[in-house]
Amino acid sequence: MSRLIAIIVGIVVLLAAIVVAVPMFVPASVYKQRIVSLVKAQTGRDLTIGGNVGLSFFPRLAVKVENVSISNAPWAKDRDMASMREMRAALKIIPLFKGDVQIDSFMLVDPVIHLEVKADGTPNWQFESAGAAPTETKHAPSTQGTGAPTLRQLSLGDVSIENGTATYRNQKTGASLAFEKVNVDLALPSLDDPFTANGSLVWNSEALSLELKADRPRALTEGGETPIELALKSSKINSTYKGTIRPFEGLKFAGNVTLDVASVRDLAAWLGNPMPAGKGFGPLSIEGKASGGNGVYNFSDAKIGFDGMNATGTLAVNASGKRPFVKGLLTVDRIDANTYLASDGTAQSGGGSNGGGDAGWSNEPIDLSGLRAADADFTFSTHELLIKQIKIGESALALRLNNGVMNVDLTKLALYDGAGNGKLTLDGSQRVAQMAASFSISGVSANGLLTDAADFKRLEGKTALNFAVQTTGQSQRQMVGNLGGKGEVKFTNGAIKGVNIAQLARNVGQGALTGWDSGGSQDTDFSELGGTFTIDKGILTNNDLKMLSPLVRVAGNGTVDLLNRTLNYHVNPKLAATLEGQGGASDAKGLEIPLIIEGPWTAPKFRPDLEAMLKNPEATIDQVKSLKGGGGKELLKGLLGGGAKTDTPGATGATTGTGTTTGTGSTTDSAPQEAPKPADQLKKLFGG
């Protein structure tokens, strides 16, 4: 840009020199043609003056040119490199004879400037003499290996650009910029005094204001380094910079920077790189020490706020490749993965304690293609990590993002009073999102984890959990339906809340029941509860369920349809005549009442498994009878809602063999009746 300024100043000096040399009474058409010829000879370009040329010699050299344009390079897209409705300039005369340019005023009205770079790197502002390449002479502008010309002295008084338009195209890099409504006021007392610029422009339909101060302008013209202060403000971005800058041979800078972005997503669209539709990539703020050049930028002592998360540490960005590469070492107050994973931002209902309706899994699209926007290598430590409703405490993780695939290694994991580690992979490189996770945790509070993970509040105790799962899909529902993996879970020293298994077994004997409240309002304490499981296409299968508890032992197997949120379980509660808990024999003697639990997990149905009981009805009847006497009598009474009626000598109303009773308690013999079948007795006992 300094070269362009130097060229414009050169034209002004040329005009001034002609004015000094040509008598003021010479017709304008004569020196107009002379100016055009000289510009052609010096630049190889055509200068067109479509309007009047006004000259004034006293008290200062003043030039006014209307409807002027200068042609572009032959290979450039636009016909003219620069044009303007009016150019006015006023110079001090005496300093010109010393080789100094002191401009009292300089104004461009409605200028249109087209800057362009050829595929081989040649800029359109590189001029040549007509008919030959320029040759270096002792009078040529000196350089310092940077291609930047030097001026002995330059002074700008009242300098402004009014309603300008500028474009920039780079055939080599593909970059393209267009600025409209450019209004700038410049001040430059001398090349050795601070240069200031204040103005505004419109870029991509967005107004942007600029304030600039450069302490050593001469360094800018010679390719050196100068301290600067810069402020950019718009509705998309507010940024300040205070440090040093070297403009040539690749822009280089080092200093303190602040950046406030209302929405990274909106900013990316404004910059011409729109992100895929989705959530996240909202507010961003950065404060710290910055340095960089040639597309590589570094931040140290950084304070970063992004999507409601706050971090401190170091950050490096390499924007020179196909995708930006970000590397950092950050301490974050909290990481909310839902910002990028959630499809609808609402918590899904699942197995609530009160039953009722089930909203189901969401069909809203899950789009992980935003992961392809950049590559990253981060080391995080955080006080909280939120995934869906699951809250993970103080943790350390390494995050690597490459070509849309994000791998998260949780090396330290604090989870609901427990601890563990895990790995998470999110693959957004393909059209269909993929996810894989594996975790190993222990000492976790079951109630907190299950409440947040599945809105299930029926279990308490300490949990040990190991699992590895994977899935793919374009929505939450598809991902649940495609879920696969395996794992093991064990709960210790806990309780099944609001379900008394003994009372449930008693109640189910009177017919099928529905809802968790079928087991009463009391809890069932246990010493141990758990088993292993596999998951295939959203169906969880468990074949070794075991629960050890005083008076109750439970063994079972079945499936959980995660997609449809239903249960299909066969369990064998054994109402044991022992108080031995954890470590007790799972085959303790007692009453077995096989149950089927099926239906929605919010309100399942409980019924006796008559098919299993009828396979050996005699054994079941014998168990009932064995508990009717001795020490089992009170247990049966407590578990089945009252003691069995036994034949007591002297009791009134004793039943006769014919179904009649006598008042004396004696039994009247009658014709022998067929003994009832055990199966019929079993059905009658349990409401079959």
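The largest nonpolar core of this predicted model holds 116 residues, and Ile 304, Phe 378, Phe 380, Leu 397, Leu 399, Leu 415 and Met 547 touch the most other members. A nonpolar core here is a set of buried Ala, Val, Leu, Ile, Met, Phe, Trp, Tyr and Cys residues joined through side-chain atoms within 4.5 Å; buried means under 20% relative accessible area, exposed over 50%, and partly exposed in between (1.4 Å probe, protein chains only). Strand E4 (residues 80-91) gives the most to this core, with six residues. Strands (E, at least two residues) are DSSP runs, numbered from the N terminus. Setting aside neighbours within four places in sequence, Leu 399 is in contact (heavy atoms within 4.5 Å) with Ala 376, Asp 377, Phe 378, Phe 380, Met 406, Asn 407 and Val 408.

Most residues other than glycine have a negative phi. Lys 181, in strand E8 (residues 176-188), has a positive phi near 50 degrees, and is exposed at 53% relative accessibility. Asp 301, in strand E15 (residues 296-306), also has a positive phi near 50 degrees, and counts as exposed at 54%.

Elsewhere, three strands make an open, mixed sheet in the order E18-E20-E21. Its edge strands, E18 (335-336) and E21 (390-392), each pair on one side only. Pairing takes at least two DSSP bridges between two strands; E20 (residues 385-387) and E21 run antiparallel over three bridges, with Leu 386 bridged to Lys 391 in E21.

Residues are numbered from 1 along each chain as its sequence is written, and side-chain values use heavy atoms, without hydrogens and water. Local features need pLDDT of at least 70 and side-chain atom pairs 80 or more, while totals for chains, interfaces and linings use all residues.

Terms used: Helix = DSSP H or I, 4+ residues; strand = E, 2+ residues; numbered from the N terminus.
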